[in-house]
Amino acid sequence: MPTKPTQLDAAARAATPIGSRTTAVMQAIHQRMAARSLVSGDKLPSLRAFATTMQVSTSTVVEAYERLAAQGLIRSRPGAGYFVAGPSTAAPMPLTLAAMEPRLDRAIDPLWISRQSLEADAATLKPGCGWLPAAWLAEGGIRQALRTLARKGDASLAEYGTPLGLLPLRQLLSRRMAEHGIEAPPDHIVLTESGTQAIDMVCRLLISPGDVVLVDDPCYFNFHALLRAHRAKVVGVPYTPTGPDLEAFAKVLSEHQPRLYITNSAIHNPTGATLSPVTAHRVLKLAEQAGMTIVEDDIFGDFEHTPTPRLAAYDGLERVVYIGSFSKTLSAAARTGFIAARPDWIASLTDLKIATTFGGGRLNAELVYRVLSDGSYRKHMEGLRLRLARAMPEVSKQLQGLGIVPWLEPQAGMFLWCRLPEGLDASAIAQDALAHNVVLAPGNAFSLAQSSRGFLRFNVAQSLDPRVGEVLRQVLKRQTEKG
């Protein structure tokens, strides 16, 4: 099918002087390659279709394609059209994450959302961010652990860590996973510096440029950015209150033969949904039939009041790679994550870790271990779960009073996935709110299909300030009047 026109194409035409239309066509193709919307083996738009898109003559597109072919970037197949050249014949395009599709405007760019949240000053409210307020985290436990480590004065403050990571922490993680039915001996676990790095390492190991990777729609927006950085072809499957839509899941497996499926199971981001046992078993069965690996990102698991199904427990770490971290529950500064997987993959992942970080974050691992092992983390999480359980209905009630309705009432966690009043655009809402120092998370940042225009994700812990509701009330009124 012809590639859909984008704002990148329009921008390329507008920025090109008259008389350089061939160059404009070439630039548009270059930008699509840089954005990974065209990857190795993909068919380019037909000559006529792209001529219409670019508002130029067919002969101009012919000339542009011939020049690209001469540069080794594309190749012609007689009777079939033009295709992006493979890695062996084409020089790699420089990666341009900011130009990645989908990108209708900056308000739905996931990198924009992250930047606004991370760079916000103390006066900015962040109901759209993905982490807890600092006051909700385990500052006391971290301080105590730092004092203990400072008194030790041994190699933990100065030496590299071992390749797999701190053994006592891996032993503790092994016991914690056993509570969820996941059998992972310490030597089947490798520590990382974050959950994000863990996913990055797994992608380095298991996929190549052009491979298809399946994600939920909606899903955590950084999955999109990470996968495009790895030059993967990302395909989405609709997510339901009990997990991925099984009919759509089976259809995608049949049509696209994805190498990986990346998902949350315990508490889904952004929806707050929980994977049901029936759906979990069916997903694993379909993955086995398709020869697909599942990456189970469980960084929100400790927020659960009652344990729910883990794909890794049902699978026994044969086809599932299990990932976790403590950035959301303990500290975003002392970043420590982990990967649990079958032994041959752990060996390869360890080599990757040495090649990319050498020793890993030993000091952070020591800090996390001490907080987890002295009892303070358990008490911290008990209080945090209660605090979130109180915040969830309070924020939900306030939002519903504004006509913003939760898609479901989550069993646990910090996120509410909410539908705006009919006809309102979350992107426009977010742009308006930002002018009043409120950072929101528009739905289409999470949706590969761009099907969540009318949704916002709210972090209930970051939404309790009365100013959030007041700004939302004003913004909704303005946007409704505009519509």
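**View 1. Asn437 sits in the loop between helix α16 (426-434) and strand β13.** Helices (H or I, at least four residues) and strands (E, at least two) are DSSP runs, numbered from the N terminus. This is a predicted model, where local features need pLDDT of at least 70, side-chain atom pairs count only at pLDDT 80 or more, and totals for chains, interfaces and linings use all residues. Residues are numbered from 1 along each chain as its sequence is written, and side-chain values use heavy atoms, with hydrogens and water left out. Asn437 isn't a glycine, yet its phi is positive, about 60°. With a relative accessible area of 41%, Asn437 is partly exposed (buried is under 20%, exposed over 50%, partly exposed in between, using a 1.4 Å probe and protein chains only).

**View 2. Gln55 is another non-glycine with a positive phi, about 60°.** Look for Gln55 in the loop between α3 (47-54) and α4 (58-70). Its relative accessible area is 60%, so Gln55 counts as exposed.

**View 3. Four strands make an open antiparallel sheet, in the order β11-β12-β14-β13.** The edges are β11 (405-406) and β13 (441-442), each pairing on one side only. Two strands pair if DSSP finds at least two bridges between them. Two bridges tie β11 to β12 (residues 415-419), with the two strands running antiparallel. Here, Val405 stands opposite Arg419 of β12.

**View 4. β1 and β2 make a hairpin with three residues between them.** Strand β1 covers residues 74-77 and strand β2 covers 81-84; they pair in the antiparallel sense over four bridges. Arg77 faces Gly81 of β2 across the pair. In the turn, Gly79 takes a positive phi of about 85°.

**View 5. Eight strands form an open sheet with mixed pairing.** Reading across, the order is β3-β10-β9-β8-β7-β4-β5-β6. At the edges are β3 (189-192) and β6 (243-244), each with pairing on one side only. In a parallel stretch, four bridges join β7 (residues 260-263) to β8 (residues 293-297), and Ile262 sits opposite Val295 of β8. Helix α7 (residues 167-178) packs on the sheet, touching β3, β9 (320-325) and β10 (337-340), where contact means heavy atoms within 4.5 Å. The direction of α7 makes about 115° with that of β3; axes are lines fitted to C-alpha atoms, for helices over the stretch in contact, and angles run from 0 to 180 degrees between N-to-C directions. Helix α10 (residues 246-256) also packs on the sheet, touching β4 (212-217), β5 (233-240), β6 and β7. The direction of α10 makes about 165° with that of β5.

**View 6. Two cis peptide bonds come into view here, one from Asp217 to Pro218 and one from Asn269 to Pro270.** For Asp217 and Pro218, omega is about 10°; for Asn269 to Pro270, omega is near 20°. Pro218 belongs to the loop between β4 and α9 (221-229), while Pro270 belongs to the loop between β7 and α11 (277-290).

**View 7. Trp131 lies in the loop between α5 (110-119) and α6 (139-152).** Trp131 has 25% relative accessibility and so counts as partly exposed. Leaving aside neighbours within four places in sequence, Trp131 contacts Ser117, Leu118, Lys126, Met414, Asn459 and Gln462. Trp131 and Asn459 are 328 residues apart in sequence, but their C-alpha atoms are 7.7 Å apart in space.
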